[in-house]
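Here are some notes to read beside the model.

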Amino acid sequence: MTRLLAVGAVVLLTVLAAWWLWPRPDVEIRVARGGIATVIDHLGRRSALGDTVFVGGGGSKRTVRVVNEDTTTHQLAM
């Protein structure tokens with residue numbers, strides 16, 4: 001029984017560490033069906049997509065993930 005609890009604790013800690021350390025984008029732009037777009041920051045806060053999106057984050061690299069669930073092609077300019 002003790003060995004089973006120890007193995008369960010190790011598995012749980014491994015899953016939590018992987019979830020915590022998994023790389024996430026600094027900003028995610030999600031375009032839903034109908035062309036309604038929302039911006040989701042690295043903390044999970046949602047807001048409407050404006051004319052300009054400022055991407056913060058640490059280090060010199062910034063990651064933006066664009067998820068297009070609409071049937072129309074959209075363009076992103078930088």
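In what order do the four strands form the open sheet?

1. This is a predicted model. The order of the strands is E3-E2-E1-E4, and their pairing is mixed. Strand E3 (46–48) and strand E4 (64–68) are at the edges with a single partner strand each, so one side of each has no neighbour in the sheet. On average, neighbouring strands of this sheet are turned by 25 degrees against each other, direction ignored.

2. Strand E2 (residues 37–41) and E3 run antiparallel and are joined by three bridges. Ile40 has Arg46 in E3 as its bridge partner.

3. The whole structure contains four salt bridges. One of them is between Arg65 and Glu28, with 3.3 Å between the closest N and O atoms. Arg65 lies in strand E4 and Glu28 in strand E1 (residues 27–31), so this pair, 37 residues apart, links distant parts of the chain. Glu28 is buried, at a relative accessible area of 11%, whereas Arg65 is partly exposed, at 39%.

4. Glu69 and Arg30 form another salt bridge, and their closest N and O atoms are 2.7 Å apart. This pair also links distant parts of the chain: Glu69 is in the segment after E4, Arg30 is in strand E1, and they are 39 residues apart. Glu69 is partly exposed at 37% relative accessibility, and Arg30 is partly exposed at 25%. Through shared partners, salt bridges join Glu28, Arg30, Arg65 and Glu69 into one network.

5. A salt bridge also connects the side chains of Asp41 and Arg45, at 2.6 Å from N to O. Arg45 counts as exposed, with 51% relative accessibility.

Technical notes. Residues numbered from 1 in each chain as written. Predicted model: local features only at pLDDT ≥ 70, side-chain atom pairs only at ≥ 80, totals over all residues. Heavy atoms only, no water. Pairing = 2+ DSSP bridges. Helix = DSSP H or I, 4+ residues; strand = E, 2+ residues; numbered from the N terminus. Axes fitted to C-alpha atoms, helices over the stretch in contact; angles between N-to-C directions. Buried < 20%, exposed > 50% of the residue type's maximum accessible area, 1.4 Å probe, protein only.
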